[in-house]
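I wanted to look up ring pairs and charges over rings.

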Amino acid sequence: MAAITGQQFLDRLRQNPPTLYIDGQRVEDPTTHPATRNMCRSLAGLYDLQHDPALRDKLTYEEGGERYAMSLLIPRTKEDLARIGEAHRIRANYSLGFLGRAPDYMNANVMAAGAGAEYFNQCSASVPGSEKRDFAANMRRYYEFVREHDLCLTHALTNPQVNRAKLASELPDPYIALGVVEEREEGIVVRGARMMATLPIADEILIFPSTVLKENADKSRYAMGFAIPTNTPGLSFQCREPFDIGRDPEDHPLGSRFDEQDAFVIFDDVLVPWERVFLLYDVELANKAYAATDAVLHMAYQVVNLKIAKTEAFLGTAQSIVNAIGSGGFQHVQSKVAEIIILLEIMKALEVAAVAGAAVNEYGVMTPARGPLDAARNYYPGVYARLPELLQLLGASGIIMMPGKADREGPLGPQIQKYLQAGNASAEDRLKLFRLAWDMSMSSFGGRQSLYEKFFFGDPVRMHSALYEVYDKAPYVKRIQAFLKRSGKPQEVTV
């Protein structure tokens, strides 16, 4: 099948709908349900881009006479990596960067894990050569399976927020956190819940090892990695309140199209076939899986390209507001737009540096440099809140006084056209623009985006701590020590 079309994606969702619950009811068909149908259509449009003649060679690659999603290409050169980055940005531009968990995000994970599959055979529960329990072979086959069927994946990493002061095994029920209940001849049985599955409107869920397991034992029921279809018996997704409330896209230009949904995932004694298991019981292997396979870097590379597209959208919206109301001559306005430009150029520079410093890892995969990516994923969550604030400051009361499409077509339509026009835009064009700014910065959709960006890659303090631990600071300390040992006389400086 290889690279699919949007219609094929929708047909697959209808035939095998994920087990979603929204507003107390089961979603029988996500392609027609009011809360999910627009997101399904948006995802379908994303898949259709692969078949656009102008984008086909940028979003897919050919191998063995078939076309596959570019995000599943195993990069062997810096040129490959640059092609993947361009594909990430094209896909991100489709949603102005507001679709955080588009399929190419998990594709990056599966690609890196598939290429580094031998890592998983270090697990004591793996049986190399076994048809079902060879975890490395399972991981490689799963990568091929995702590639061949162009699957849309979701994932969930963390345990429910019950009591962060206790281990999962110390909670009132040891299966509040997802854990292995038993082994059977056909597979493992798992029970519990995971947070947070973004984009549950997907074909499969990948439960990959968490990077923050705290269990002290060498063998833990909470350490696991596997993938199963989203309609597997016993598996269900409890979704949050939808942000797509059925309004016209002119009124909610982002919320009506790109509410990717978030859910917590419930596993009620779910059977996972052995051939779908990639890791089991080993806490140390689980905690190092993302770093050891470099999946974290390929996922971060997708994220940086996504954030570039999102920041470009903020810049375009901000300048459009300035153009519409004629405020560009004021220095305080120029200063605000300049802030966005600086943020954007920093992110672009970090992406360039990640590719320039890329190197082949032990699995033969050209991997982007860690330093720039770690900087980007620690920097952006801290500065993102300023982007919606800048739109609010530039738009001021204009982002509040925004009659909707029905109002513009109603009895007071002529008055709206008269009193809400802008110096360089009709009332209709001005209101469409300002409603986009509102959906980016102030609506429930925009508010969720702000929280999402704060924790996209994890708790900011833990992220900073991790950066401190992995960053090689020794050369700079050595330079300072050498400087302090110099005599007071001028001398030649060694580099």
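Is Y94 buried, exposed or partly exposed? I looked it up: Y94 is partly exposed, at a relative accessible area of 28%. Here buried stands for under 20% relative accessible area, exposed for over 50%, and partly exposed for in between (1.4 Å probe, protein chains only).

Ground rules. The model is predicted, so I noted that local features need pLDDT of at least 70 and side-chain atom pairs pLDDT 80 or more, while totals for chains, interfaces and linings use all residues. Residues count from 1 along each chain as its sequence is written, and side-chain values use heavy atoms, with hydrogens and water left out.

Ring pairs. I paired rings of Phe, Tyr and Trp (its six-membered ring) with centres within 6.5 Å; planes under 30 degrees apart are stacked, over 60 edge-to-face, the rest tilted. This rule gives 16 aromatic pairs. Y61 and Y68 have ring centres 5.7 Å apart and planes at 45°, so I logged the pair as tilted. Both residues, Y61 and Y68, are buried.

I then returned to Y94, which pairs edge-to-face with F258 at 6.0 Å centre to centre and 75° between the planes. Y94 is in helix α4 (residues 78-94) and F258 in the loop between β10 (235-239) and β11 (262-273), so the pair ties together parts 164 residues apart in sequence. Helices (H or I, at least four residues) and strands (E, at least two) are DSSP runs, numbered from the N terminus. F258 is buried, with a relative accessible area of 6%.

I also found a cluster of F98, F314, Y380, Y384 and F445, linked by ring pairs.

Charges over rings. I required NZ of Lys or CZ of Arg within 6 Å of the ring centre and within 35 degrees of the ring normal. R133 sits over the face of W274, 3.8 Å from the ring centre. R191 sits over the face of Y175, at 5.0 Å from the ring centre.
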